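Have the sequence and the model open side by side, and pick out the residues as they come up.

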Amino acid sequence: MIKTIVFITIIWGINFQTKQADTPTFMSLSQKEYNNETILIQSQLDFRQQQLVITNCKLIFQKGGSLCNAVLSGKNNTITSEKENIFANVIFSSEFLIHPYLSSWWLSKDSLQNQNYNNLKIQEIFNSIPNHAELKFDLTGHILCDPVFQLNDRNDIKIDFNGLHLYTNRSHGPGSEFLQIFRSRHIFINQLNITGDTQFHTAEDKGEWGMGIMIRSSYNVKLQNVKIEQCWGDNLYISGDKNGTNPSQNIHLEGCILKDGRRNNISIINADSIGITSCYITKTTDLPAEIRTTRPNTAIDLEPNFPDREKVSDFFISDTHIELNHVGTIGIYNFNNLSGKNASIENCTFSNIKYSIYFTAFKELLIKECVFSDSQTPVYLNKVRSISVIDNKLYRDTDATRTISFYTFSDYTPEMYNCSDYKVQNNKILYNKQ
């Protein structure tokens, strides 16, 4: 009798493995648990917010198959689909991880110009994927949408937009953001393109709060190969919460392009440890003059709104080209207290700018190995403590070469006021752009 039981158990194991390989299970509304199976979805199934527990399974969506209103949990599963748009209001639990999730599971290429539909579906994607997830936009091209998307209160999310271009064709009032990242940790955004609504703003929508990406009270966020342009306010805004507390920390931009932000290309309000590497930041004349700009009109503006409780510290920019900003490139100003600390600007190029580097009310500033051309005032400093300006070059349009002394790049009155503890050496004027 014992031998017979063992024999039956072995046979059952063999049959089960054969079933997974050769005999798929058709998903039905009546079954809520699956284990070690190949599951075929051939029709639209609405689970009315019920939970499915799926473990060690292969989910295969065939033509006509989709899931609606379900919560998926379980581990070690794979998803294969013959079609687009297979999920509607489906939430994945934290353990149901697919590497990567694909945007085509929610979107279809036929919907790219359906503005209201895209608004809902892209946000649905962000709401559906769990923490610790990787998302890839496998549908590329230009998506017409509104600046309404949120990636808030999330942890460890990696999104490769794969060159996707989000754009709008209508005015969005005085305040909006294409992408909010609020109170989130460990977020990675790659290859996203955004074009804002500056050209479509109506006269009554005067404000300056239309942003491309707004980051608030978040930690360890990286934007890589992201392009943002023509936003009504700032292309990128980095801060803490609205009360001036909980600053963002460890925010890094690499290989990004920021162009024609109406107010600033980047505003940094309340943040600690900000890095900008190998970026291109510019203003052009592509837009009509009446909507092209509003003050302070900088490439990068370090400007706490509440200097008694907000600050910018450990700001680093390197290998970045900045040009054509009308008023200033980098600055903290209009405050009596030292609301910023420890900024480093290295190996950057500045061209066609009135004030290339403009700092007030700051502690610990390094400007090293930068190149300035066609700059009316390369460096303006007021109430800055502990300054190092070393090994920089300024190009002029006359015919001699000489080394400058002290802290100015030209022969006029030095643009440095109320400063102390400075080190200035080996800064040269090079004529005829040698």
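Lys368 is partly exposed in this predicted model, at 28% relative accessible area. You will find Lys368 in strand β30, which covers residues 349–368. Helices here are DSSP runs of H or I with at least four residues, strands are runs of E with at least two, and both are numbered from the N terminus.

What does Lys368 touch, apart from residues up to four places away in sequence? Its partners are Ile345, Glu346, Asn347, Ile390 and Asn392, where a contact means heavy atoms within 4.5 Å. Take Ile390: it is 22 residues from Lys368 in sequence, yet the two C-alpha atoms are 4.9 Å apart in space.

A word on how to read the model: residues are numbered from 1 along each chain as its sequence is written, and side-chain values use heavy atoms, with hydrogens and water left out. Because this is a predicted model, local features need pLDDT of at least 70 and side-chain atom pairs count only at pLDDT 80 or more, while totals for chains, interfaces and linings use all residues.

**Charged pairs**

Side chains of opposite charge can pair when their charged atoms come close. A salt bridge is counted when a side-chain nitrogen of Lys or Arg lies within 4 Å of a carboxyl oxygen of Asp or Glu, and by this rule there are eight salt bridges. Three of them are set out here.

| Pair | N to O distance |
|---|---|
| Glu124 and Lys121 | 3.3 Å |
| Asp234 and Arg263 | 3.7 Å |
| Glu303 and Arg263 | 3.2 Å |

The pair of Glu124 and Lys121 sits within helix α2 (residues 115–128), with the two residues three apart, about one turn of the helix. Glu124 is buried at 16% relative accessible area, and Lys121 counts as buried too, at 8%.

How are Asp234, Arg263 and Glu303 linked? They form a network of salt bridges. Asp234 is buried, with a relative accessible area of 1%. Arg263 is buried as well, at 12%, and Glu303 counts as buried at 13%.

The salt bridge between Asp234 and Arg263 comes in at 3.7 Å, N to O. Asp234 belongs to strand β19 (residues 234–239), whereas Arg263 is in the loop between β21 (257–259) and β22 (264–268), so this pair ties together parts that are 29 residues apart in sequence.

Glu303 is in the loop between β25 and β26 and Arg263 in the loop between β21 and β22, so the pair ties together parts that are 40 residues apart in sequence. Strand β25 covers 298–302.

Strand β26 runs parallel to β23 (residues 271–277), and six bridges join the two; strands pair if DSSP finds at least two bridges between them. In this pairing Thr277 stands opposite Ser318. Strand β29 (residues 340–346) is also joined to β26 by six bridges and runs parallel to it. Here the bridge partner of Val312 is Gly340.

**The chain as a whole**

The chain has three helices and 36 strands, and buried residues make up 52% of its 434 residues. Of the contacts with a separation of 6 or more, 60% are between residues 24 or more positions apart.

How confident is the predictor? On pLDDT, the predictor's confidence in each residue from 0 to 100, the chain has a mean of 85, and 84% of its residues reach 70 or more. Residues 1–21 stay under 50, and residues 399–414 are also below 50. Where pLDDT is low, the predicted coordinates should not be read in detail.

Definitions and conventions. Buried < 20%, exposed > 50% of the residue type's maximum accessible area, 1.4 Å probe, protein only.
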